[in-house]
Amino acid sequence: METETNQIYQVDVGNLLAFNPNHRFTSAPSSRDELGKECITKGTELVQAIANTLFNFPSTETNDGPIVQLPPPTTKLPREKHLPRPKPPTKWEEFALKKGIQKRKKDKVVWDEQTDQFKRRHGYDRVNDDNDVPIIEAKATDEPGEDPFAKRLDEKKKRVGKQEKNRLQNLRTAAKAGALPSHIQLAATALPISGTKAQPKKIGKEDLGDVAGFAATSTASGGKFDKKLPGEKPPKKQGKHHKYLPVVGTSGVVNPEKEQTDKVLSKIFSKHSHEILNVGKAINMYNVKKEKKKSGRSDKSGRSDKLKPKKDITKKPANKAK
């Protein structure tokens with residue numbers, strides 16, 4: 001039986017793959033259900049052929065059960081997408097390769113001598129932060145009357161600008177080689193996912209105005225305290241803010257929220273609370289529901305289950321003349 005199975009199916013145990021190259025339908029399936037049943041039947045036979053081949057290999061007993069060492073695969077499976085193109089090296093990588101500098105892993109936490117505690121190497125509250133330096137020692141090369149703190153801040157801005165310029169240059173080089181990262185391709189309008197350059201979308205005056213309006217009103221104050229640009233128009237649609245009553249009243253003043261709640265309760269529990277409800281409308285709605293259920297038929301006793309609105313109880317009966 002196993003030799004017949006091996007003759008019918010081609011089994012690649014390395015990929016846990018089995019297929020029948022000579023399979024053909026004897027007759028075309030008449031319905032989708034019949035096609036599904038035929039596929040399930042053939043799939044079961046293929047899985048059984050893989051299981052029969054696996055049980056012929058020598059196995060090793062472990063706590064989890066027998067384990068079989070699979071041979072290398074023989075079938076080359078097709079790849080869905082092309083191989084990723086190699087990313088061109090950055091300027092720093094070229095310099096490090098030329099000088100023989102090897103990348104080594106650094107600790108994320110470093111001892112800070114100024115504050116006598118461990119701090120992060122980068123980020124917020126990092127080691128050697130400029131804000132933690134109260135005194136800067138003067139050097140012989142310093143110019144008289146120059147602010148060392150402003151000079152250090154200016155040098156930092158220059159370093160950050162240079163790093164950003166290098167980053168953009170590396171992205172341009174990667175875009176020419178077609179190895180731009182996918183998240184950059186999705187964010188860029190002129191560089192689609194295919195990697196080829198396309199014509200950028202022309203942005204009109206109205207689009208720029210909308211974007212500027214969104215940016216101006218994106219603050220917590222809704223752009224109330226931002227400086228207006230020359231020629232800037234106020235936003236067309238301003239959101240309405242719900243005003244809440246204060247929960248705690250000030251000294252000598254009644255709590256407004258409590259006062260409002262008391263008014264509502266006094267209306268409900270007053271003698272004329274029936275004036276709040278529309279009794280006639282409620283009875284009509286009840287009658288319509290009953291008519292839809294029973295199509296307006298009455299019971300066997302001849303009595304109808306419809307309700308009739310009572311007389312207005314607010315009106316006083318007129319005195320009959322004696």
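The dialogue below goes through some terms used for this predicted model and the values behind them.

Colleague: What makes up the chain in terms of helices and strands?

Modeller: The chain has eight helices and six strands. Their order along the sequence is α-β-β-α-β-β-α-β-β-α-α-α-α-α. Of the 322 residues, 8% are buried.

Colleague: Why is Lys119 called buried?

Modeller: Its relative accessibility is 6%. Buried means under 20%, so Lys119 with its 6% counts as buried.

Colleague: Why is Arg120 called exposed?

Modeller: Arg120, in strand 6, has 51% relative accessibility. The cut-off for exposed is over 50%, so Arg120 at 51% counts as exposed. The C-alpha atom of Arg120 is 4.5 Å from that of Val109, a residue 11 positions away along the chain.

Colleague: How do you know that Lys119 and Asp125 form a salt bridge?

Modeller: The N to O distance between their side chains is 3.2 Å. A salt bridge needs a side-chain nitrogen of Lys or Arg within 4 Å of a carboxyl oxygen of Asp or Glu, so the pair at 3.2 Å qualifies. Asp125 is partly exposed, because its relative accessibility is 39% and the class runs between 20% and 50%.

Colleague: What is noted about the phi of Asp125?

Modeller: Phi is near 55° there, a positive value, and Asp125 is not a glycine. Most residues other than glycine have a negative phi. Asp125 sits in the loop between strand 6 and helix 4. Leu16 also has a positive phi, about 50°, without being a glycine. Leu16 belongs to the loop between strand 1 (10-12) and strand 2 (17-19).

Colleague: Why is Leu16 called partly exposed?

Modeller: The value for Leu16 is 47% relative accessibility. That is between the limits of 20% and 50%, so Leu16 counts as partly exposed.

Colleague: How do you know that Glu45 and Lys42 meet in a salt bridge?

Modeller: The N to O distance is 4.0 Å. The limit is within 4 Å, so the pair is counted. Both residues lie in helix 2 (residues 32-54), three residues apart, about one turn of the helix. Glu45 is partly exposed at 32%, and Lys42 is partly exposed at 29%.

Colleague: What makes Glu164 and Arg167 about one helical turn apart?

Modeller: They are three residues apart in helix 4, which means a separation of about one helical turn. Glu164 is partly exposed at 36%, as is Arg167 at 40%. Elsewhere, salt bridges with shared partners join Asp112, Lys119 and Asp125 into one network. The whole structure has five salt bridges.

Colleague: Why do strand 3 and strand 4 count as paired?

Modeller: Strand 3 (residues 59-62) and strand 4 (residues 65-68) share four bridges in the antiparallel sense. Pairing takes at least two bridges, so with four bridges the two strands count as paired. One of the links joins Ser59 to Val68 in strand 4. The two strands form a hairpin with two residues between them.

Colleague: Which residues make up the patch of negative charge on the surface?

Modeller: Asp142, Glu143, Glu146, Asp147 and Glu155 gather there. A residue in a patch needs over 30% relative accessible area, and Asp142 has 33%, so Asp142 passes that cut-off.

Note on methods. Residues numbered from 1 in each chain as written. Predicted model: local features only at pLDDT ≥ 70, side-chain atom pairs only at ≥ 80, totals over all residues. Heavy atoms only, no water. Patch = residues over 30% accessible without salt bridge, like charges linked within 9 Å, V, L, I, M, F, W, Y side chains within 5 Å. Areas by Shrake-Rupley, 256 points an atom, 1.4 Å probe, with all protein chains shown as cover. Lys, Arg positive; Asp, Glu negative; His and termini not counted. Charge placed at Lys NZ, Arg CZ, Asp CG, Glu CD. Buried < 20%, exposed > 50% of the residue type's maximum accessible area, 1.4 Å probe, protein only.
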